[in-house]
Amino acid sequence: MTPAEYFMLGIFITLGFFSLLAAICNFEWYFRTSGAMMFVKWLGRPGARLFYALLGVALVGCGIAGFIYG
């Protein structure tokens with residue numbers, strides 16, 4: 001794998017952990033961003049937190065799978 005691929009996989013894992021942390025800690029500033037507000041309006045705050053937690057797990061999983069199978 002090239003250094004760029006390692007970098008991208010690291011970004012996936014970092015953003016995944018950040019999304020998961022924001023969902024678990026229920027960061028007010030995170031859920032008031034324009035992107036997150038769309039999901040808060042559609043799903044409600046608990047639904048948006050679940051969505052971002054699942055997104056975080058998926059990003060971390062994809063990053064780890066990339067390191068293993070890449």
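What is the relative accessible area of Arg 45, and is this residue buried or partly exposed? In the predicted model, Arg 45 is partly exposed, with a relative accessible area of 24%, where buried denotes under 20% relative accessible area, exposed over 50%, and partly exposed the range in between (1.4 Å probe, protein chains only). The model is predicted, so that local features need pLDDT of at least 70 and side-chain atom pairs count only at pLDDT 80 or more, while totals for chains, interfaces and linings use all residues. Residues are numbered from 1 along each chain as its sequence is written, and side-chain values use heavy atoms, with hydrogens and water left out.

The protein chain contains three helices and zero strands, assigned as DSSP runs (H or I, at least four residues, for helices; E, at least two, for strands) and numbered from the N terminus. Its pattern along the sequence is α-α-α. The C-alpha trace spans about 40 × 20 × 15 Å along its principal axes. Of the 70 residues in the chain, 26% are buried. With contact defined as heavy atoms within 4.5 Å, 56% of the contacts between residues at least 6 apart in sequence join residues at least 24 apart.

Two salt bridges are present in the structure, each defined as a side-chain nitrogen of Lys or Arg within 4 Å of a carboxyl oxygen of Asp or Glu. Glu 28 pairs with Arg 32 at 2.6 Å, N to O, and with Arg 45, for which the closest N and O atoms are 3.3 Å apart. Because Glu 28 lies in helix α2 (residues 28–31) and Arg 45 in helix α3 (residues 34–69), the latter pair ties together parts that are 17 residues apart in sequence. Through shared partners, the salt bridges join Glu 28, Arg 32 and Arg 45 into one network.

Helix α1 (residues 3–25) includes Phe 12, which is partly exposed at 32% relative accessibility. Beyond its neighbours within four places in sequence, Ser 19 contacts Tyr 30, Tyr 52, Leu 55 and Gly 56.
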